[in-house]
Amino acid sequence: MTTTQPKAEVKEFEPNIIGFLCNWCSYAGADLAGTSRIQYSPNIKIIKVMCSGRVNPMFVVNALQQGADGVLIGGCHPGDCHYQHGNYLARRRIGVLKKVLEFMGIDERRVRMTWVSAAEGRKFAEVIEEITDDIRKLGPLKQLKRVNEW
Amino acid sequence: MKIGVYVCECGINIAATVDVPEVVEKVKSFPNVEICRYNKYTCSDPGQESIRKDIKELNLDRVVVASCSPRMHEPTFRAVVEETGINPYCFEMVNIREHVSWVHKDKEKATEKAVALIAGAVARAQFLEPLERKEVSVIPKSLVVGGGIAGIQAALEIATDGFQVYLVEQSPSLGGRMAQLDKTFPTLDCSACILTPKMVDVARHPNIELLTYSEIEKVDGYIGNFKVTVKKKPRYVDTDKCVGCGLCAEACRLKGRVLNEFDENLSKRSAIYIPFPQAVPLKYTIDSNRCNMLRFGKCGDELLCVEACEQNAIDFEQKEEFVELDVGTIVVATGYDNFDPSNEPKYGYKENPNVITGMEFERLVNAAGPTEGHLEINGKEPENVVFIQCVGSRDKEGHEYCSRVCCMYTAKQAHMVRDKFPDAIISVYFTDVRAFGKGFEEFYNRVLDEDINYLRRELDDSIEVVGNEKGVIVKAEGHPDIHADLVVLATGLVPKSDNKEIARKLNISLSGDGFFMEAHPKLRPLDTFTDGVFLAGCCQSPKDIPDAVAQASGAAVRAASPLAQGKVVVEAITAIIDEDLCSGCRICENLCAYTALEFVSDDKIMKINDVLCKGCGSCAAACPTGAITMKHYSNKQVLAQIGGILNQ
């Protein structure tokens, strides 16, 4: 007698996303989303840095190598950087990195730079929903494999 | 390496969404984790004690606490570990409340996320290094920005504590908005009578240096050692010589032709002026936008003001000056703007002379105002007066907040109209009367008994003021039309138009409403995120005079305490450079906003001045050889954290 095994429930792909947030604006914005109890997807895991300018593009690549399906970098709005212009440096670096990723065949939407102020709890939640949705659609990242410690 | 991990339930704040015991079970198996416990409240005494006990008994080298945001309790736990012999930088905090339990509902996923974040912290903790916090001396002086009642109060308090204060005010006189008011609610004190003695106190105080007609140009440095550049705008009057006699203003060719902003443009002054008779300092200023001499280089055949001045005080050659002030702390008390109702055509403001704002009313009933206190419109005393509340406040499309003062100032103004005109018909369109302060409800009840019609309307209901030949008609949805000859708009308080600019100069944040943001809405309402910069008065949010004064006194205490201590501890997070790896490419040099990186041409390498370095890490992110290490955010530490989170 043959019975077909009940098919395993098809689980929607849940991306793993790393978020680098600056201490002064975006991290505080994420805190405000918390104190305001604004719900968003749990796929994002936050790493605090003092300034988005600290985010070495290699951090992003490393996160993608180690299994992240997407990376978010959050800084202060242009002109509002706590360190004057660290966010501009981040924007340029991430802009360049996106080109390199595209060249490698990795959809540039997997990496996103955003501005969230300390007052923008709602915006933070919206950004997280957007990037999670985008990456959910793109599916798991398979191109980058971790080769060795950097 | 022995790591102790403490997971907080925060009552049910975390425990309701994160399965804390399960988290603890998983974390126990992580490499180097010697002990993992959970507490109901880790920040409480027993919670702190369990950390201390473990550090001693188990010889822990690193401590990780997973609880609320580090903005909340990182200082608490750093102090706990430091007391027990662990360097505070060997402590790591994981935010599983604001970033997990409060923003997710799915318990399974929230628990997984909490475990992943703790895994990141544990991985990072292994690479944490002890750091020495720098102790820097504090310049025992303070700067107060803004000379309204909040700034005046803060300056007087700090000065009375025995420290030198610079008080910078952008207009020619101290006083701010309070100086424009006629009476104050609910006590009906004369505003000028209670304000002007304090203004004089400021001018007389040996510890206060007053810089009026001046603006903050630039702010550098950090708590204890701010360097502030102040622009002194030219008054074109030598303040050492001017005695405030006013002969110049009498003589001015433009006398009675220049709109007087202090009177909300309801009167006219000369091009050389003092804002109001009790101005402090009592020194004249030439309005460079209006003075013929300054605009055209010529004023008739002779300079009437110069001829009139017996002191020879007028000096058209004055230029703006920049002064540098070294201060330890800064109090920001820059105040607010009044909402301008001309952008809302429904109120008929500017179209009809019968429609005025609350502040215009104040000037019209003030004995020193344009009508010497006679409330009249087009030369006629009003017989039917309508007040409209919440103009520019509680507007979901615009300023969503309640301005907190309009209900009570309207009640006060209605009372004043009744006082002057016993037979007038007085109506107030209100939505909710917010009479929350001491004596407010009692005052409101008193006004209700004065035959004043309080008419309730919903905020969303339409209201319109249309002119007719006799005056105006107020058409409010659900109410009969009122033919009025005076309509007073209870205009709200809005952020100052240059708040964004000021915030950037001072490196502080704005809230969503456009006012300055406090470091914590409940527990640090006077602080900003920038150490050493404090907030007082309406620049933080609308408030009435007693609240502004109370907040200013509080901010003064906050600002004076580092001055009293003489020393402050500043963050140890700076960049360091490995001279062996530095190739002297100088890429980092231009990235630094603080010139903390300097090229040493003899050695062909960069050097870091750690007093100037603020620890952003922009240089470390760019260094091609990896010679620059950002303390506490080193590559190793960040990469370990990434790996910890993802490989969990």
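Residues are numbered from 1 along each chain as its sequence is written, chains are lettered from A and ligands numbered from 1 in the order in which they are written, and side-chain values use heavy atoms, with hydrogens and water left out. Because the model is predicted, local features need pLDDT of at least 70 and side-chain atom pairs count only at pLDDT 80 or more, whereas totals for chains, interfaces and linings use all residues.

**Figure 1. Chain A and its secondary structure.** Chain A comes to 4 helices and 4 strands, where helices (H or I, at least four residues) and strands (E, at least two) are DSSP runs, numbered from the N terminus. Read from the N terminus on, the elements follow the order β-α-β-α-β-α-β-α. Of the 150 residues of chain A, 59% count as buried, a term that means under 20% relative accessible area, with exposed set at over 50% and partly exposed in between (1.4 Å probe, protein chains only). Among contacts (heavy atoms within 4.5 Å) between residues of chain A at least 6 apart in sequence, 81% join residues at least 24 apart.

**Figure 2. The open sheet of chain A.** In chain A, 4 strands form an open sheet in the order E2-E1-E3-E4, with parallel pairing; two strands pair if DSSP finds at least two bridges between them. Strand E2 (44-49) and strand E4 (111-115) of chain A are the edge strands, each of which pairs on one side only. From one strand to the next, the twist averages 20°, given that axes are lines fitted to C-alpha atoms, for helices over the stretch in contact, and that angles run from 0 to 180 degrees between N-to-C directions. Strand E3 (residues 70-75) of chain A and E4(A) pair in the parallel sense over 5 bridges, and A:Val71 stands opposite A:Val111 in E4(A). Helix H3 (residues 86-103) of chain A lies across E3 and E4 of chain A and runs at about 160° to E4(A).

Figure 3. Chain B comes to 18 helices and 34 strands, and its C-alpha trace spans about 85 × 65 × 40 Å along the principal axes. An automatic or database domain assignment is the origin of the domain bounds, which divide chain B into domain 1 (3-133), domain 2 (135-233 + 320-333 + 498-564), domain 3 (247-308), domain 4 (337-494) and domain 5 (575-630). The C-alpha centres of domain 2 of chain B and domain 5 of chain B are 37 Å apart. Buried residues make up 57% of the 648 residues in chain B.

**Figure 4. Strands E6 and E7 of chain B.** Strand E6 (residues 141-145) of chain B is joined to E7(B) by 5 bridges, and the two run parallel; within this pairing B:Ser142 stands opposite B:Val165 in E7(B). Since 4 of the 5 residues of strand E7 (residues 164-168) of chain B are buried, this strand is largely enclosed by the rest of the structure.

**Figure 5. Nonpolar cores.** A nonpolar core is a set of buried Ala, Val, Leu, Ile, Met, Phe, Trp, Tyr and Cys residues joined through side-chain atoms within 4.5 Å. The largest such core has 95 residues, and those with the most contacts inside it are A:Phe20, B:Val5 and B:Val7. Helix H5 (residues 107-125) of chain B gives the most to this core, with 10 residues. Apart from it lies another core, of 38 residues, among them B:Leu188, B:Val417, B:Tyr444 and B:Leu493. When neighbours within four places in sequence are left aside, the residues in contact with B:Val7 include B:Val20, B:Tyr38, B:Ile96 and B:Ile118.

**Figure 6. Aromatic pairs.** Over all chains the structure holds 11 aromatic pairs; rings of Phe, Tyr and Trp (its six-membered ring) pair if their centres lie within 6.5 Å, and planes under 30 degrees apart count as stacked, over 60 as edge-to-face and the rest as tilted. B:Tyr401 and B:Phe515 form an edge-to-face pair, at 5.4 Å centre to centre with 70° between the planes. B:Tyr401 lies in the loop between strand E21 (384-391) and helix H12 (406-420) of chain B and B:Phe515 in the loop between helix H14 (499-506) and strand E29 (533-535) of chain B, so the pair ties together parts that are 114 residues apart in sequence. B:Tyr401 is buried, with a relative accessible area of 14%, and B:Phe515 is buried, at 0%. Ring pairs also link B:Phe185, B:Phe436 and B:Phe440 into a cluster.
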